[in-house]
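Okay, everyone, thanks for coming. Let me put the model up, and then we'll walk through it together.

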Amino acid sequence: MQIHLIAVGSKMPDWVQQGYNEYAKRLPRECELLLREIAPDKRKSGDLARITRDEGERMIAALPPRAHVVTLDIPGKPWSTSDLAQALQRWLGNGQPVALMVGGPEGLAPQVKELARESWSLSPLTFPHPLVRIVVAEQIYRAWSLLNNHPYHR
């Protein structure tokens with residue numbers, strides 16, 4: 001199974017790519033984590049609704065066929081590590097690719113939220129978007145470790 005992290009943002013600092021890669025490479029092929037960056041629109045025009053909609057359309061275009069869509073959104077459900085492990089086990093069992101959707105500075109477009117089958121809140125805090133990539137990769141690896149009795153999860 002592949003997990004696609006579809007995130008608005010590009011040209012991240014090296015430390016972000018290194019942190020993400022550190023955890024993504026630890027996952028086995030049967031639980032592969034793939035990053036798909038969506039180029040953000042310039043926000044100088046001030047039309048944030050249009051910008052968010054356009055970014056959302058590009059996110060949707062990046063979805064793999066038959067994807068199980070999970071939005072990462074503050075109003076989503078807060079998951080513990082064991083909750084995420086249970087979700088990961090469900091995802092692995094259903095045979096569909098999973099798409100974790102991370103919006104831009106204004107959040108996710110309504111059309112992306114409408115596609116979601118689940119919504120996950122990392123925290124009630126607002127994280128910088130570069131950090132979200134690393135946290136998600138680490139938490140997916142931690143959940144996989146828990147499911148496979150790997151000592152990392154402790």
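This is a predicted model: local features need pLDDT of at least 70, side-chain atom pairs count only at pLDDT 80 or more; totals for chains, interfaces and linings use all residues.

Let's start with helix 2, which runs over residues 48-61. That's 14 residues, and from the first C-alpha to the last the helix reaches 20 Å.

Now, which residues of helix 2 are buried? They are Ile-51, Thr-52, Asp-54, Glu-55, Gly-56 and Met-59.

Okay, let's zoom out to the protein chain. You've got 5 helices and 5 strands, and if you read along the sequence they go β-α-β-α-β-α-β-α-β-α. Of the contacts with a separation of 6 or more, 81% come from residues 24 or more positions apart.

How about overall dimensions? The C-alpha trace spans about 50 × 30 × 30 Å along its principal axes. The radius of gyration is 15 Å, and that agrees with a compact globule, because with 154 residues such a globule would come out near 15 Å.

Last bit, the surface and the charges. Of the 154 residues, 45% count as buried. The accessible surface comes to about 8100 Å², with 53% of that belonging to carbon and sulfur atoms. As for charges, the chain has 19 positive and 16 negative ones, and their mean positions are 2 Å apart.

That's my tour, thanks!

Methods: Residues are numbered from 1 along each chain as its sequence is written. Side-chain values use heavy atoms; hydrogens and water are left out. Helices (H or I, at least four residues) and strands (E, at least two) are DSSP runs, numbered from the N terminus. The radius of gyration is taken over C-alpha atoms; the globule rule is 2.2 Å times the number of residues to the power 0.38. Buried means under 20% relative accessible area, exposed over 50%, partly exposed in between (1.4 Å probe, protein chains only). Contact means heavy atoms within 4.5 Å. Accessible areas come from the Shrake-Rupley method with a 1.4 Å probe; for residues, only the protein chains shown count as cover. Lys and Arg count as positive and Asp and Glu as negative; His and the chain ends are not counted. The place of a charge is taken as NZ of Lys, CZ of Arg, CG of Asp or CD of Glu. The expected span of a helix is 1.5 Å times one less than its number of residues.
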